[in-house]
Amino acid sequence: MDFLTDTPAEKLNIELIHWQMMINDIISRSEEEACGLVAGLNHNSTAVFPVTNVLHSRVRYRMDPLEQLEVFNEIDENNWELLAIYHSHLGGSSLPSSIDILEATYPEVIYLIWSKSQDEWICQGYRIDNDRVEPVPVNLIE
């Protein structure tokens with residue numbers, strides 16, 4: 001997989017349109033954890049790819065492997081990098097759950113966790129490497 005960087009990002013810049021795409025995906029799948037991938041270059045988003053949660057669970061996600069492979073191929077074909085993996089916590093906090101930490105497999109990628117605070121969706125970024133969880137700033141850019 002050429003699209004994975006060897007240098008972990010210290011921040012992630014998300015274009016406003018990509019931010020809104022993630023929110024729209026989360027809202028449209030309000031009965032289950034939404035999930036997807038964010039691609040880009042130099043820590044800046046260039047595309048968002050919603051992916052089907054094959055578990056259709058309110059408390060856990062697993063990306064459809066065929067859809068995920070198609071996205072990985074598109075990222076590779078465009079010479080982008082996989083910047084982030086996002087998912088929503090429908091009733092929980094924006095902190096990674098124990099399952100999120102256990103199942104994190106890309107330590108160089110930022111995990112974006114969306115949660116609802118009152119009536120607004122908020123997003124927090126984390127780098128997860130084994131049991132180590134570090135917050136990563138996520139900047140919204142226009």
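Predicted model: local features only at pLDDT ≥ 70, side-chain atom pairs only at ≥ 80, totals over all residues.
## The overall fold

Let's start with the big picture. The protein contains three helices and eight strands.

How does the radius of gyration of the protein agree with that of a compact globule? For 142 residues, a compact globule would have a value near 14 Å, and the protein has 14 Å, so the two agree. The C-alpha trace spans about 35 × 35 × 30 Å along its principal axes. Of the 142 residues, 46% are buried. Among contacts with a separation of 6 or more, 64% are between residues 24 or more positions apart.

## Pairs of opposite charge

Side chains of opposite charge can pair when their charged atoms come close. In this structure there are five salt bridges. One of them joins arginine 29 to aspartate 25, with 2.7 Å from N to O. Are these two residues buried or exposed? Arginine 29 counts as buried because its relative accessibility is 14%, and aspartate 25 is buried too, at 7%.

Another salt bridge connects glutamate 31 with arginine 58, where the closest N and O atoms are 3.7 Å apart. This pair links distant parts of the chain, 27 residues apart. Glutamate 31 sits in the loop between α1 (16–28) and β2 (35–41), while arginine 58 sits in the loop between β3 (44–51) and α2 (65–77). Glutamate 31 is exposed, at 60% relative accessibility, and arginine 58 is partly exposed, at 44%.

Which residues make up the network of salt bridges here? They are Arg60, Arg62 and Glu103.

## A buried aspartate

Now look at aspartate 100, in helix α3 (residues 98–103). This residue is buried yet has no salt bridge. The nearest side chain of opposite charge is that of arginine 60, 7.5 Å away, whereas a salt bridge needs the nitrogen and oxygen to be within 4 Å.

What does the side chain of aspartate 100 make a polar contact with? The partner is the side chain of histidine 89, at 2.9 Å. A polar atom of the aspartate 100 side chain also lies 3.0 Å from the backbone nitrogen of serine 97. Leaving aside residues up to four places away in sequence, aspartate 100 touches Tyr61, His87, His89, Leu95, Ile113 and Ile128.

## Cysteines without a bond

How many disulfides does the structure hold? The number is zero. Cysteine 35 is in no disulfide, and the nearest cysteine sulfur, in cysteine 123, is 14 Å away. Seen from cysteine 123, the closest cysteine sulfur is that of cysteine 35, and 14 Å is too far for a bond. Cysteine 35 counts as buried, with 0% relative accessibility. Cysteine 123 is buried as well, with a relative accessible area of 10%.

Technical notes: Residues numbered from 1 in each chain as written. Heavy atoms only, no water. Helix = DSSP H or I, 4+ residues; strand = E, 2+ residues; numbered from the N terminus. Buried < 20%, exposed > 50% of the residue type's maximum accessible area, 1.4 Å probe, protein only. Lys, Arg positive; Asp, Glu negative; His and termini not counted. Polar contact = N/O pair within 3.5 Å; in protein donor to acceptor, adjacent residues only side chain to side chain. Contact = heavy atoms within 4.5 Å. Disulfide = S-S within 2.5 Å. Rg over C-alpha atoms; globule rule 2.2 N^0.38 Å.
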